[in-house]
Amino acid sequence: RNLHRQQKEKLYGVTWRPHPPSMLTASKQKEIRKNIKQYSKKYDAMDDQAKESARQDFRRDRESKMNDFLKVLDRLKDWKAERTEENAWDEAMEAFDS
């Protein structure tokens, strides 16, 4: 979000902060560049495992919520059946259909 904007006349260039020197030695950098495919495969596999575990957790959570909801629906269906027996609605419906 831009809070303030001011145009400058004759602004010819902007220099960025230079990067600090690497903490790795030149030989270590060469080794990393040489084996970058192995490293990327290793970390990609770790990422895939993390994504899969997150998916499994999501599925498990969704399934438990769905089972809880279905239990509530079953209880409501049982309650409705009891109420229709008490009020004799099923008899009235049968008489109406006849």
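Which helix is phenylalanine 69 found in? Phenylalanine 69 is found in helix H2. Helices here are DSSP runs of H or I with at least four residues, strands are E runs of at least two, and both are numbered from the N terminus.

Some ground rules. This is a predicted model, where local features need pLDDT of at least 70, side-chain atom pairs count only at pLDDT 80 or more, and totals for chains, interfaces and linings use all residues. Residues are numbered from 1 along each chain as its sequence is written, and side-chain values use heavy atoms, with hydrogens and water left out.

Let's start with H2 itself. H2 has 52 residues. At 1.5 Å a residue, H2 should span 76 Å. The expected span is 1.5 Å times one less than the number of residues. The end C-alpha atoms of H2 are 75 Å apart, which agrees. Just after H2, alanine 88 takes a positive phi of about 65°.

Now back to phenylalanine 69. The cut-offs: buried is under 20% relative accessible area, exposed is over 50%, and partly exposed is in between, with a 1.4 Å probe and protein chains only. Phenylalanine 69 also belongs to a nonpolar surface patch. Areas come from the Shrake-Rupley method with a 1.4 Å probe, and for residues only the protein chains shown count as cover. Patch residues have over 30% relative accessible area and no salt bridge; like charges are joined within 9 Å, and nonpolar side chains (Val, Leu, Ile, Met, Phe, Trp, Tyr) within 5 Å.

Next, the charged patch. Asp74, Asp78, Glu82, Glu85, Asp90, Glu91, Glu94 and Asp97 gather in a patch of negative charge on the surface. Asp and Glu count as negative, Lys and Arg as positive; His and the chain ends are not counted. A charge is placed at NZ of Lys, CZ of Arg, CG of Asp or CD of Glu. Which helices supply the negative patch? Helix H2 (36-87) and helix H3 (89-97) each supply at least two of its residues. Take glutamate 91, in helix H3. Glutamate 91 is exposed, because its relative accessible area is 57%.

On to salt bridges. How many does a search of the whole structure find? The search finds four. The criterion is a side-chain nitrogen of Lys or Arg within 4 Å of a carboxyl oxygen of Asp or Glu.

Glutamate 52 pairs with arginine 55, with the closest N and O atoms 3.0 Å apart. Glutamate 52 also pairs with arginine 59, at 3.7 Å between the closest N and O atoms. Glutamate 52 is partly exposed at 30%. Arginine 55 is partly exposed too, at 41%. Arginine 59, at 42%, is also partly exposed. Glutamate 52 and arginine 55 are three residues apart in helix H2, so about one helical turn separates them.

Aspartate 61 forms a salt bridge with lysine 65, the closest N and O atoms being 3.5 Å apart. Why about one helical turn between aspartate 61 and lysine 65? Because they are four residues apart in helix H2. An α-helix has 3.6 residues a turn, so residues three or four places apart point the same way. Aspartate 61 is partly exposed at 39%, whereas lysine 65 is exposed at 53%.

Last, two distances, C-alpha to C-alpha. Lysine 71 lies in helix H2. Lysine 71 and asparagine 2 are 69 residues apart in sequence and 53 Å apart in space. Isoleucine 36 is also placed in helix H2. Isoleucine 36 and histidine 19 are 17 residues apart in sequence and 22 Å apart in space.
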